[in-house]
Amino acid sequence: MLWKTLLLALTALLVILGVRTVSVPSRQAPPQSATVTIDGGRAPELLARAIRFPTTSREEVARMQPFLNEAWPRVREALPVEKVNELGRLYRWTGSDAALAPVVLMAHQDVVPVEKGSEAQWPHPPFGGVIADGSVWGRGATDDKIGLVGIFEAVERLLEQGYRPRRTVYLAFGQDEETLGEQGAKSIVALLQARGVKPEAVFDEGGAITTGLVPGVDRPAAVVAIAEKGYADFELKATGEPGHSSSPPRSTAIGILARAIQAVEDHPMPATLDTAAGQTLDYIAPEAKPAFRVLLANRWLADPIIMRVMQSKPASNATVRTVCSANVIEGGVKSNQLPQSARAVVNCRLIPGDTAEKVAAHFARVIGDPRVKVNILTADNASPEAPPESVAGRALKTALRQIYPEAIYVPSLAIGATDGRYFAALTPNVYRFSPIHVTPETLKQMHGPAEHISVEDAKTAVRFYAQLILNLCGR
Ligand SMILES: [Zn+2]
């Protein structure tokens, strides 16, 4: 009788899996047309001009300021601007309904330098601002002058149409995102905080329309980062026993430290799908290819399998756990002298929920050797997670559906850091999305050679920002 019972149980399981697989409801916004009536025709040329300022330094960011004043005259006239630490800009577009919380649109003016020796890999000069072969070429094309130009141009064109937002819109353009953002975004946040401004939401760079990057789906995905990982450095310091290298103890400080590093590598922080990474799966599930869909629609059963797959590659592993790497090691002076101490610096990227203290305690436990001290050197915890379906989250989701109808909306966890993290002091609702198309190939061009954006993307970026404003602030 046992086999009959088993067969019955198995059949029931398959039925449950099947029913869940076909009935998992889509989380996508219904198809709808864009309501913006502006076009982004001027954007490629304006972007090319912005790229010609090699804003890798304060001086160059300063040289770009007259261009920003001259290119968008309606913005200059209608929106009061504050200079933050001289080069950061905070514009205020006052809404007609003071009862509504404001929104913040962010971009940064600076770019990373071009790596020495990589010039030959650029088909056009990195700061030439060349428009050729259907693209705008140059450093900053995608990171993040398209954000800067796209937002400016969207507001300029809406002003031209006589549009007035119901909600107040702040435009926040930092000057030093690539070098920690302390002068720009951090100071802008301090200013808004001092005034008691509590934004409904903040929109920064970060995600993209991706193709071939989200597993399990064939369609392009509008990836929006709803949280970003934290960053912490730890010192592991091993103390050796005194003695002479002619009659050494069993382990020197270097040997003790080596075992400590080994222990840290062998015992990673626990993995979890209980963060934005899990939300990614839930949004993909209804849209996924059949094999993926069976798994993703049945996470109550399939999570262990999904977790194994996620952990098998560094990029997806980084979305499910705090990852750490020993990147600095120091110790020892002379070949015939026992080292008194040795130290290593371990860098960790923290998922939401893991604090630096928690990681330090984990290290101490897995090392299990009182001769090794664990110290926290720097600690920036992960950002809070923005709800994908808040009022502002839905305005973004709808705008993406309207402007990029072919793409599915996928919330995600950013494994790198953006200026957006500073805004966590004002609101958890920080959404990170850049209006660009990205493939595994073009991903390498961010901070690398041959950075470019298609002319089409540059124009569409303006429509995207304008539609987002309309959805957030009334039409
Ligand atoms: Zn950037």
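Domain bounds are those of an automatic or database domain assignment. The model is predicted: local features need pLDDT of at least 70, side-chain atom pairs count only at pLDDT 80 or more, and totals for chains, interfaces and linings use all residues. Residues are numbered from 1 along each chain as its sequence is written.

**Exercise 1. State which domains are assigned, and describe their contact.**

Step 1. The assignment lists domain 1 (43-223 + 384-473) and domain 2 (227-380).

Step 2. Taken over C-alpha atoms, the centres of domain 1 and domain 2 are separated by 33 Å.

Step 3. Domain 1 gives 21 residues to the contact and domain 2 gives 20 residues; residues are in contact if their C-beta atoms, placed from the backbone, lie within 7 Å.

Step 4. The side of domain 1 that touches domain 2 has 13 nonpolar, four polar and four charged residues. Here Ala, Val, Leu, Ile, Met, Phe, Trp, Tyr, Cys and Pro count as nonpolar, Asp, Glu, Lys and Arg as charged, and the others, Gly among them, as polar.

**Exercise 2. Determine how helix H13 and helix H15 pack.**

Step 1. Helix H13 (residues 391-403) and helix H15 (residues 455-473) have axes 9 Å apart, at an angle of about 140°. Axes are lines fitted to C-alpha atoms, for helices over the stretch in contact, and angles run from 0 to 180 degrees between N-to-C directions. Helices (H or I, at least four residues) and strands (E, at least two) are DSSP runs, numbered from the N terminus.

Step 2. H13 and H15 are therefore oblique to each other; angles under 35 degrees count as roughly parallel, over 145 as roughly antiparallel, 65 to 115 as roughly perpendicular and the rest as oblique.

Step 3. The crossing of H13 and H15 is right-handed, the near helix being turned clockwise from the far one by less than a right angle.

Step 4. Residues of H13 including Ala 395, Leu 396 and Ile 403 meet residues of H15 including Phe 464, Leu 468 and Leu 472. By class, this contact has eight nonpolar, five polar and one charged residues.

**Exercise 3. Give the strand order of the open sheet of three strands.**

Step 1. The order is S4-S5-S17, with antiparallel pairing; strands pair if DSSP finds at least two bridges between them.

Step 2. Strand S4 (130-132) and strand S17 (452-454) are the edge strands, each pairing on one side only.

Step 3. From one strand to the next, the twist averages 25°.

Step 4. Strand S5 (residues 135-137) pairs with S17 over three bridges, and Ile 453 in S17 is the bridge partner of Val 136.

Definitions and conventions: Two residues are in contact if their C-beta atoms, placed from the backbone, lie within 7 Å.
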